[in-house]
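The sequence and structure are shown first.

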Amino acid sequence: MSDLHRDIKQLIIDALGLEDISIDDIGDHQTLFGEGLGLDSVDALELGLAIQKKYGIKIDADAKDTRNHFSNVASLAAFVTAKSA
């Protein structure tokens with residue numbers, strides 16, 4: 001597991017107060033919303049703000065591909081890497 005994937009998993013746990021979940025409980029390609037980890041739209045907003053704050057990147061909530069970037073940890077890591085470059 002890459003350091004960025006681990007950092008994003010920890011950010012999800014911390015930002016959303018998921019005390020009963022550990023980094024190892026979240027798969028890199030596990031869906032974060034709905035049937036996967038079970039996050040909802042409020043969680044998405046909180047996670048987006050946490051990512052913007054931690055990585056200093058701008059997230060356009062209205063962009064059509066933003067939902068895809070938040071589908072799992074791997075896609076979030078790719079998004080952060082691309083925005084940080």
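The sections below take up the basis of the model, the helices, the core, some individual residues and the pocket.

## Basis of the model

This is a predicted model, in which local features need pLDDT of at least 70 and side-chain atom pairs count only at pLDDT 80 or more, while totals for chains, interfaces and linings use all residues. Residues are numbered from 1 along each chain as its sequence is written, and side-chain values use heavy atoms, with hydrogens and water left out.

Helices here are DSSP runs of H or I with at least four residues, strands are runs of E with at least two, and both are numbered from the N terminus. Helix H1 has 14 residues and reaches 20 Å from its first C-alpha to its last, close to the 20 Å expected at 1.5 Å a residue, where the expected span is 1.5 Å times one less than the number of residues. The C-alpha atoms of Leu16 and Asp3, 13 residues apart along the chain, are likewise separated by 20 Å. After H1 comes Gly17, whose phi is positive, near 65°.

The buried residues of H1, with buried meaning under 20% relative accessible area, exposed over 50% and partly exposed in between (1.4 Å probe, protein chains only), are His5, Ile8, Lys9, Leu11, Ile12, Ile13 and Leu16. These residues pack against H2 and H4, contact being defined as heavy atoms within 4.5 Å. An α-helix has 3.6 residues a turn, so residues three or four places apart point the same way.

Val73, Ala74, Ser75, Leu76, Ala77, Phe79 and Val80 are buried in H4, and what covers them includes H1, H2 and H3.

## The largest nonpolar core

A nonpolar core is a set of buried Ala, Val, Leu, Ile, Met, Phe, Trp, Tyr and Cys residues joined through side-chain atoms within 4.5 Å. The largest such core holds 22 residues, of which Ile8, Ile12, Leu32, Leu37, Ile51 and Leu76 touch the most other members. Two or more residues of this core come from each of helix H1 (3-16), helix H2 (41-55) and helix H4 (73-84). Apart from residues up to four places away in sequence, Ile8 touches Tyr55, Val73, Leu76, Ala77 and Val80.

His5 is placed in helix H1 and is buried, with a relative accessible area of 15%. Not counting residues up to four places away in sequence, His5 touches Asp28, Val73, Ala74 and Ala77. Lys9, also placed in helix H1, is buried with a relative accessible area of 3%, and the C-alpha atoms of Lys9 and Ala77, 68 residues apart along the chain, are separated by 9.9 Å. Leu16 lies in helix H1 and counts as buried at 14% relative accessibility; leaving aside neighbours within four places in sequence, Leu16 is in contact with Leu11, Leu39, Asp43, Glu46 and Leu47.

Asn72 has its place in the loop between H3 and H4 and is buried, with a relative accessible area of 13%. The C-alpha atoms of Asn72 and His29 are separated by 5.4 Å, although these residues are 43 residues apart along the chain. Not counting residues up to four places away in sequence, Asn72 touches Asp28, His29, Gln30 and Leu32.

## The largest pocket

Rolling a probe the size of a water molecule over the atoms shows where empty space is left. On a 1 Å grid over the protein atoms alone, a cavity is a set of points where a 1.4 Å probe fits but cannot get out, whereas a pocket is an open set with protein on both sides within 12 Å along at least five of seven lines, and lining residues have an atom within 4 Å of a point. Grid points are joined across faces, edges and corners, and a volume is the space filled by probe spheres set on the points. The largest pocket has a volume of about 430 Å³.

This pocket is lined by 15 residues, of which Ala44, Leu45, Thr66, Arg67 and Phe70 lie nearest its centre. The elements that give two or more residues to the lining are H2 and helix H3 (66-69), and H2 gives the most, with six residues. The lining divides into seven nonpolar, six polar and two charged residues, where Ala, Val, Leu, Ile, Met, Phe, Trp, Tyr, Cys and Pro count as nonpolar, Asp, Glu, Lys and Arg as charged, and the others, Gly among them, as polar. Thr66 lies in helix H3 and counts as buried at 12% relative accessibility; leaving aside neighbours within four places in sequence, Thr66 is in contact with Ile59 and Asp60.
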